[in-house]
Amino acid sequence: CKTHIILASTQSLGFNAVLVMIFIVCVMQCSFLLLAYAMANATKMFSRADIIAILFCSTHKSLTLGIPILKVIFSEVEDISGISLPLLVYHPTQILLGSLLVPTLHKWVAEGTPSSSPSSSPPSPPSP
């Protein structure tokens, strides 16, 4: 099986290789977000709030999902730390990128919702 070759190659990663891997993970995360946005927005079936939920639910995966999958795929490998490095970078990247997007997405949703003018009366309560 090739898992031993993969493990040997990941344990000898240098600093530059880790930086390249972090860059690739960031590009992948941004690409997945753009793809999810394009697909959700193209249907014209979803509200802006729904599109944001689709963005975060479709692209965000956690370590609780990834680590067990890695353990199953690489069951012959005792130490999966080198193999799990991209996943360990992806998880905080999605959290940081998501937190950076929140103000922009909040403005985008606010622009798409009709604002209530002060002259409009509030809805009347339902009659008993």
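Analyst: Let's start with Thr93, which is found in helix α5. Keep in mind that this is a predicted model.

User: Is Thr93 buried or exposed?

Analyst: Thr93 has a relative accessible area of 12%, under the 20% cut-off, so Thr93 is buried.

User: What does Thr93 touch, leaving out residues up to four places away in sequence?

Analyst: Val25 and Cys26.

User: And Gln94, where does that sit?

Analyst: Gln94 lies in helix α5. Gln94 counts as buried because its relative accessibility is 2%.

User: Which residues is Gln94 in contact with, aside from neighbours within four places?

Analyst: Gln29, Thr59, His60, Lys61 and Ser62.

User: Switching to helix packing. At what angle do α4 and α5 pack?

Analyst: About 170 degrees, with the axes 10 Å apart. Helix α4 covers residues 63-73. The angle is over 145 degrees, so α4 and α5 are roughly antiparallel to each other.

User: Which residues make that contact?

Analyst: From α4, Leu63, Gly66, Ile67 and Leu70. From α5, Leu87, Leu88 and His91.

User: How many of them are nonpolar, polar or charged?

Analyst: The contact of α4 with α5 has 5 nonpolar residues, 2 polar and no charged.

User: OK, the core. Which residues are in the largest nonpolar one?

Analyst: That core has 9 residues: Leu33, Ala36, Ala40, Ile51, Ile52, Leu55, Leu97, Leu105 and Trp108.

User: Which helices supply at least two residues of this core each?

Analyst: α2 (15-42), α3 (48-59) and α5 (85-112).

User: What does Ile51 touch, again not counting residues up to four places away?

Analyst: Ile51 touches Tyr37, Ala40, Asn41, Phe46 and Trp108.

User: What is in the second core?

Analyst: The second core is separate and has 6 residues. Among them are Phe74, Val77, Ile80 and Leu87.

User: Now cysteines. How many disulfides?

Analyst: The count comes to 0 disulfides.

User: Which cysteine sulfur is nearest to that of Cys30?

Analyst: That of Cys26, 6.8 Å away. A disulfide here needs sulfur atoms within 2.5 Å, so Cys30 is in no disulfide.

Conventions. Residues numbered from 1 in each chain as written. Predicted model: local features only at pLDDT ≥ 70, side-chain atom pairs only at ≥ 80, totals over all residues. Heavy atoms only, no water. Core = buried A, V, L, I, M, F, W, Y, C linked by side-chain atoms within 4.5 Å. Buried < 20%, exposed > 50% of the residue type's maximum accessible area, 1.4 Å probe, protein only. Helix = DSSP H or I, 4+ residues; strand = E, 2+ residues; numbered from the N terminus. Contact = heavy atoms within 4.5 Å. Axes fitted to C-alpha atoms, helices over the stretch in contact; angles between N-to-C directions. Parallel < 35°, antiparallel > 145°, perpendicular 65-115°, else oblique. Nonpolar A, V, L, I, M, F, W, Y, C, P; charged D, E, K, R; others polar.
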